[in-house]
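Subject: Structure handover

Hello,

Here is the structure for your work. My notes on it follow below.

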Amino acid sequence: MELKLVIIFWICIIDNKIKIRMDIMGSLYSSLIFIDYLAIIYFFLVNGIYLILNTYAFFSIRKRWISKEIENFDKTFQSEFYKPVSIIIPAYNEQATIVDNVKSILALKYPEFEVVVVSDGSSDKTIDLLKEEFNLKNSSRSYEEKLGTEKVIEVYDSVDYPNLIVIDKENGGKADALNAGINASQYPLVCNIDADTVIDEESLLKIVEPIARDWRVVAAGGSIRIANDCKIENGQVTKVNLSKKSIVKMQVVEYLRAFLFGRVGWAAIDSLLIISGAFGVFRKKHVIDAGGYSTNTVGEDMELVLKLNRKLKHKDRDYKVLFFADPVCWTQAPEDLETLGNQRSRWQRGLGQSLLLNKELFFNKNYGLLGLLAYPFYFFVEFLGPIIEAVGYLSMFLTIVFFGGISEVVILFFITAILMGVLLSTLSLFFEVMTFHKYKKLKDILNLFLFSVLESFGYKQLHTWWRLRGIVELIRKNESWGKQNRKTFNSEE
């Protein structure tokens, strides 16, 4: 009898444990499925919005492409609306690229411009190379500090190039260097160029032309392309080559998607929040009125555009911020995971800082689509998106591991998170081939189509991790710029 009671007792305990375990597994399954469907809805909405933006971008680029046939730059720049441009190049330890960069700018086709190079406390040979290559001497030009900056040590003029000015100043960061360049500039338009870039010779004409024609345009941005392994002579890209490195090919696809459709699409609905610091033109008066570039963010390019939008809306001024895919600037992309990861984490940190500094726009109907759509999209998708994506990927992984099989939810997740992303990338590449056609070799085009598929299997997930790291760095108030590796253009090293 006692043995029977003992057996019954243990059967009850085991049965209860099984029931508890089944309840736990049931709750876990329900929770995971709930998170999975939330992730599916998120990816569907995000990629759906991108597809809509792509549609707007398609017609915008098509219209621009048709109008190129009747463009008459000579007529535009001989009119009374023509404006000269000051091109500002902030440089910190850019000895590997600075000479080619400045030569590229000096070779631009444009009636009247000046080049203002700002060495921001460089500790390498940046200043020495500039002195040697361009025959610099101490300048007598006056320097009016309209925007506060770190101390300017010396201002130089070039004996060989009358339109070249070089500023040597104490380190204050990129935004501080840009503000110093604006202080030294003498023309009403300012164009900001990164020191590791080269520009197509007609790009400045193309990007300034709409500003010269329309007084409402306060800023315009151009497209950024990858220069790695391209042939560059006398500061110009003479042959476009696709890099042999997979990590660079991934970035080529990424840049095509971001610039060719993303920014063109936002600009088409008058809701552009960012003009890349690598290539943008602004009316100087409005930049100074807005207080110049903010020095308390590493995303100074986006913060300035947000600030301009906010202040001009306050004044109830009729204005435009434009973006064009055809004026091209070529930049060096990172070739190792550490440098790329640092760059993307810094971009994410800068995004968060810029949004916080201009939080007044958040769901504010007074700013139209900018406040009701663009700002919330950037906040929930571009900034908080990595958290949502990481939770979604983790939940789907646990669903497959614990409950196995290819279920309906797994298929839906694959379609919305992976296949729709592949579609966006291939659409961008297809339109690049049909219009700008920078990559002319069939092998390169097929290679890019392959990587437009492959990037969704590993690279995008790694990118999500880097952006997550950027959010953590923002919370921890990490102000580091991160490691940068530069090499000379055309270098095989």
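Which residue in S11 does Ile193 stand opposite? The residue is Phe279. Before the rest, some conventions. This is a predicted model, in which local features need pLDDT of at least 70 and side-chain atom pairs count only at pLDDT 80 or more, while totals for chains, interfaces and linings use all residues. Residues are numbered from 1 along each chain as its sequence is written, and side-chain values use heavy atoms, with hydrogens and water left out.

Strand S11

Helices (H or I, at least four residues) and strands (E, at least two) are DSSP runs, numbered from the N terminus. S11 covers residues 279-283, and it is largely enclosed by the rest of the structure because five of its five residues are buried (under 20% relative accessible area; exposed is over 50%, partly exposed in between; 1.4 Å probe, protein chains only). Phe279, Val281 and Arg283 lie on one side and Gly280 and Phe282 on the other, and both faces are covered. In a regular strand the side chains alternate between the two faces of the sheet.

Two strands pair if DSSP finds at least two bridges between them. S11 pairs with S6 in the antiparallel sense over five bridges. S11 also pairs with strand S8 (residues 217-226), again antiparallel, over three bridges; there Gly280 is the bridge partner of Gly221.

Helix H5

Helix H5 (residues 174-184) is mostly covered, with 10 of its 11 residues buried. Among them are Asp176, Asn179 and Asn183. The buried residues of H5 pack against strands S1 (85-91), S2 (113-120), S5 (164-169) and S6 (189-193), and against helices H8 (284-289) and H9 (300-314).

Cysteines

A search of the whole structure finds zero disulfides (pairs of cysteine sulfur atoms within 2.5 Å). For Cys191, the closest cysteine sulfur is in Cys329, at 8.5 Å, which is too far for a bond. Cys191 is buried at 0% relative accessibility, and Cys230 is buried at 2%.

Thr416

Thr416 lies in helix H13 (residues 408-434) and is buried, with a relative accessible area of 5%. Leaving out residues up to four places away in sequence, Thr416 touches Ile40, Phe43, Phe44 and Asn47 (contact means heavy atoms within 4.5 Å). Thr416 and Phe43 are 373 residues apart along the chain, yet their C-alpha atoms are separated by 5.5 Å. The side chain of Thr416 also reaches the backbone oxygen of Phe413 at 3.3 Å (a polar contact is a pair of N or O atoms within 3.5 Å; within protein, one must be able to donate a hydrogen and the other to accept it, and residues adjacent in sequence count only if both atoms are side-chain atoms).

Regards
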